[in-house]
Amino acid sequence: MKFSLRSNYKPLIFLFLLILLSAIFWRFGNFQNRWTLSQDQARDAIIGMYSLENHLLPLVGPPSSAGNFSFGPFYYYFVIIFSAIFPFTGGPWVGFTLLSIVSVVLFLLL
């Protein structure tokens, strides 16, 4: 009996692609009506634009709603990177949506 790895992985590859396309559809479907620019998101976008224009990196992150402290700056670093890659108003949120699709792929691979 001959054993072929390619033929045994075809259903898994099909299922993987189906889940990936489903993740893309559900994350980007009706995208323009789902994201908002309220005061927290506007603050993040302003910090990202300011950092890119002045070549500065923030040392602290966004304030916490749970107490009187701030988070680390890594969230702002992602906002800055996505603002540089996608230079339009909703650019950082498109980047975070793509990052969520990458997380689906990582969980599928696990």
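Contact here means heavy atoms within 4.5 Å. This is a predicted model, in which local features need pLDDT of at least 70, side-chain atom pairs count only at pLDDT 80 or more, and totals for chains, interfaces and linings use all residues. Residues are numbered from 1 along each chain as its sequence is written, and side-chain values use heavy atoms, with hydrogens and water left out.

**Asp44 and helix α2**

Asp44 sits in helix α2. Helices are DSSP runs (H or I, at least four residues), numbered from the N terminus. Asp44 counts as buried because its relative accessibility is 5%; buried means under 20% relative accessible area, exposed over 50%, and partly exposed in between (1.4 Å probe, protein chains only). Beyond its neighbours within four places in sequence, Asp44 is in contact with Tyr75, Tyr76 and Val79.

**Two helix pairs**

Two packed helices are described by the angle between their axes and the distance between the axes. Axes are lines fitted to C-alpha atoms, for helices over the stretch in contact, and angles run from 0 to 180 degrees between N-to-C directions.

| Helix pair | Angle | Axis distance |
|---|---|---|
| α2 (residues 39-54) and α3 (residues 74-85) | about 65° | 9 Å apart |
| α3 and α4 | roughly 110° | within 8 Å |

α2 and α3 are therefore roughly perpendicular to each other (65 to 115 degrees). α3 and α4 are likewise roughly perpendicular.

On the α2 side, the contact with α3 is made by Arg43, Asp44, Ile47, Gly48, Ser51 and Leu52. α3 supplies Tyr75, Tyr76, Val79, Ile80, Ser83 and Ala84. These residues divide into 7 nonpolar, 3 polar and 2 charged. Ala, Val, Leu, Ile, Met, Phe, Trp, Tyr, Cys and Pro count as nonpolar, Asp, Glu, Lys and Arg as charged, and the others, Gly among them, as polar.

In the second pair, Tyr75, Phe78, Val79, Phe82 and Ser83 of α3 meet Gly91, Pro92, Gly95, Phe96 and Leu99 of α4.

**Helix α3 itself**

α3 has 12 residues. Its first and last C-alpha atoms are 17 Å apart, close to the 16 Å expected at 1.5 Å a residue. Tyr76, Val79, Ile80, Phe82 and Ser83 of α3 are buried. The buried residues of α3 pack against α2 and α4 (91-109).

Ser70 lies in the loop between α2 and α3. Ser70 counts as partly exposed because its relative accessibility is 40%.

Notes:
Helices (H or I, at least four residues) and strands (E, at least two) are DSSP runs, numbered from the N terminus. Angles under 35 degrees count as roughly parallel, over 145 as roughly antiparallel, 65 to 115 as roughly perpendicular and the rest as oblique. The expected span of a helix is 1.5 Å times one less than its number of residues.
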